[in-house]
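Here is a short briefing to read alongside the model. Have the sequence and the 3D view open, and let's walk through a few features together.

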Amino acid sequence: MARRSLKASTVGIEKAKRAFKIREWTQEYLASEVGLETRQSIWKFFTGKPIERQNFMEICFQLGLDWQEIAHLPNQSLLKQNNQDWDTCQSIDTLVQMVRSCRSDKIQAQCATIRLLDIARPIELEDIYVNANILNNITSQRWLDIFDLQSLVSEELERFGLDQVCQERFPAIQAVTTYPRLMVLGKPGSGKTTFLQHIATQCNQGKFLPNLIPIFIRLKNFAEAAKETVNFSVFNFISQELAYFDISEQQIQTLLAHGRILILLDGLDEISKDDSAEILKIICKFSEDYYKNQLIITCRISFCEYQLEGFTEIEMADFDQFQIEAFVQKWFINIAKNYTEEGKVLASRFMQKLQLPENREIRELSVTPLLLNLACCVFQAHSDFPTRRVKLYEEGLDILLNRWDEARSIKRDTISHKFSLPQKLKLLSEIAATTFKQNRYFFTQSNVQQCIADSLYNLSTTQPQPEILQLNSEAVLKLLEAHGLLVERARGIYSFSHLAFQEYLTAKNIVASHEPQILEEKLIDLISHLTEPRWHKVFLLTTGMLDNPTYLLQLMKQHIDGLVAFDKQLQKFLIWLKQKSVSVQTPYKSAAIRAFYLTLILPDGLSLADDLALCVAIEPRLASNLPPDLNIDQALNCALYLSLALYRNPTLDRVLALNFAFPDDRVVYNPKLQREANLSPLDESLQQLKEQLPVPVQGTEQLKQWWNANGQTWTETLRSVMLRYRNIGHQWQFSEQQKKVFKQYYTANQLLVNCLNSSCEVTSLVREKILETLFLPVARASGSTATTTTNTARLRKNKGLYKSYFLLVLHLRTMKV
């Protein structure tokens, strides 16, 4: 029988006490981390008394220690098995080294290379392997309420990296040294098999557990062999493996009796459901009979329905930033076969692009090695990520739903064969659209099963019984989990594995219908969410999926104009914006100039942008060549902003910044230029204002005194100069409601520009016509446009009339443009 208790050695106690002191824990806290109700076992551990074996190992793991280095272990040289005595450990060690030497080439051939999707050749494992981390609490076993999870959702989080929230990570290799029985769980493509192969090769090369013999078994092959042989066992399989090297069964029994074999069982989820119970029974029997040997099993997390006695379950953690960076650098040097320096440059460019806000969804997908490999393949082709994301998401879904299982020759159960790939996508898109529209990122098992049951009912040619639908919906849910599209975030609570997939599938549901009337109704319904930021990705994806997105883009433009159509103050602002842009001498698009001034001259209390992103999106040339008029107005606006800040709180830094903010310093500091220059009225006024400013060397107190006495007058003079000569510096007095509408108007226009720039299937003529009319006041002459907002509210009650009305208005606007 297995030793049921362990105690710490004298040296081990000292190591444990040091680790305990560093963490500054109490014994009560350590007991709670281990899962003990009292601290009695903790006290016994630190005093060298025997405690239950599993608790001993768990205490060591929580302290970051190798239990074998802490435990007081008896001399193993006098063990007996099958009446065969060994005089010393040296004879066992000799046998182990002999077997290791014989099988070294076999293990390397079996485990030292891997295959990556879309890479034509086998890859050396160590050319791509990145040290893995694990979560010691299984995500799906957490007792969390759906409201607890919902409160975790924030744009500041990595958009659903929720399995990592509030969970500490540990090096996966540490778990192998801590626990003799491991069940390694993970999502598809999370690196479970690669981790197992890494352990096998490291052990084979003597870099890890050098006194053990690694045996790597693909459970799919094991199950097939078990079907062909009566009373098949793990021992039989090992015997067959070692028979080729003339290792006798007696020698194998000896090795097993001394616990010198490391058994690595890969892919429990790849066995058919009919065979899994029997295979688990075989594994459990072997584990009990040869308890001294180390066993590690890998399995997709959704298939782990049984808890094996004596096995510790761990979950593969998603890649963090450092792991992504390490993988990417290895990929571009070793996989893409670039020269080292060229590979480093590409890897660096990949990481820089990945951190950009517009690539957040790709960053979200890249936390699993499987999808990170896809991102690298896409980037390698053009040294950039595609603007049109639809194809990337299509590839990702195809990999998870189809290609990954095909590449590994995995055949799922009967329910999988009843669902074609289009049917799976249709089902997922219905779940995504329903939950996303309800603002539910998380949903209960009963909710998602009901959605699945409804879809199954619609697909069925007969009228199935409710009990059958219930059973089938459970099976389909497990199937979708197995594919890695749905994830159990806590007990009975699900979400999509990535928010990007939920958004993509929601968009797919919108464009799925071939009926023009249904499609138009869905697009009109989509427009109702235009001012909701969480829908913006869905707009971009829908635009990219439509064969002709003109109708949607025009609907967006119409709705955006309707936001401000009846607000006189906002219309007055837009009239000024148009007049100002017309007065500027520039070869660039007028819409880009309007966007520049819209961003620059924001109403008080609004901060919508800090750069030229919007105007550059309309006119890319502005990024490197800002016209003189725009430069002057930008400098003056900055000066006005600084002077207002100085009036409230004079500081030396702000005075210096204000001096540098003026458009031209040359005339002020050079008397000769002052006499010779033919100054414009604006230049003369600015020169006079600058000469009035206190000299920074006067000190902070004198600066404060000057600004307190003269700051308001000086600032108002500057404002009047800007108004007189540049028509900027107006004091727009907007209410809080107007500010809210103004922000919606700005962000909706920004979204429209992004849609136009997303490589969607829209003609250049339509694109230019829409761009030409951005940020313009609503023209009241047409009559139809001026009544957009009021009529929109009325006509929502009649969708058919609402659609006809929009078509008419769009036609009139297109003719006017």
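Which residues of helix 34 are buried? They are L682, S685, L686, Q687, L689 and K690, where buried means under 20% relative accessible area, exposed over 50%, and partly exposed in between (1.4 Å probe, protein chains only). This is a predicted model, in which local features need pLDDT of at least 70 and side-chain atom pairs count only at pLDDT 80 or more, while totals for chains, interfaces and linings use all residues. Residues are numbered from 1 along each chain as its sequence is written, and side-chain values use heavy atoms, leaving out hydrogens and water.

**Helix and strands**

- Helices (H or I, at least four residues) and strands (E, at least two) are DSSP runs numbered from the N terminus.
- Strand 10 (residues 213-218) is largely enclosed by the rest of the structure, because five of its six residues are buried.
- Strand 10 pairs with strand 11 (residues 261-266) in the parallel sense over six bridges; pairing requires at least two DSSP bridges between the strands.
- Within this pairing, I217 has L265 of strand 11 as its bridge partner.

**Nonpolar cores**

- A nonpolar core is a set of buried Ala, Val, Leu, Ile, Met, Phe, Trp, Tyr and Cys residues joined through side-chain atoms within 4.5 Å.
- The largest core has 197 residues, and F45, F56, L63, W331, F350, M556 and Y597 touch the most other members.
- Helix 36 (residues 736-756) gives the most to this core, with ten residues.
- A second, separate core of 42 residues includes F222, I279, I283 and C299.

**Salt bridges**

- The whole structure holds 28 salt bridges, each a side-chain nitrogen of Lys or Arg within 4 Å of a carboxyl oxygen of Asp or Glu.
- D93 and R260 meet at 2.9 Å, N to O, and this pair links distant parts of the chain, 167 residues apart.
- D93 is partly exposed at 33% relative accessibility, whereas R260 is buried at 13%.
- K187 and D318 form another salt bridge, with their closest N and O atoms 2.9 Å apart, so the pair ties together parts that are 131 residues apart in sequence.
- K187 is buried at 12% relative accessibility, and D318 is buried at 6%.
- K580, D629, D633 and R726 are linked in a network of salt bridges.
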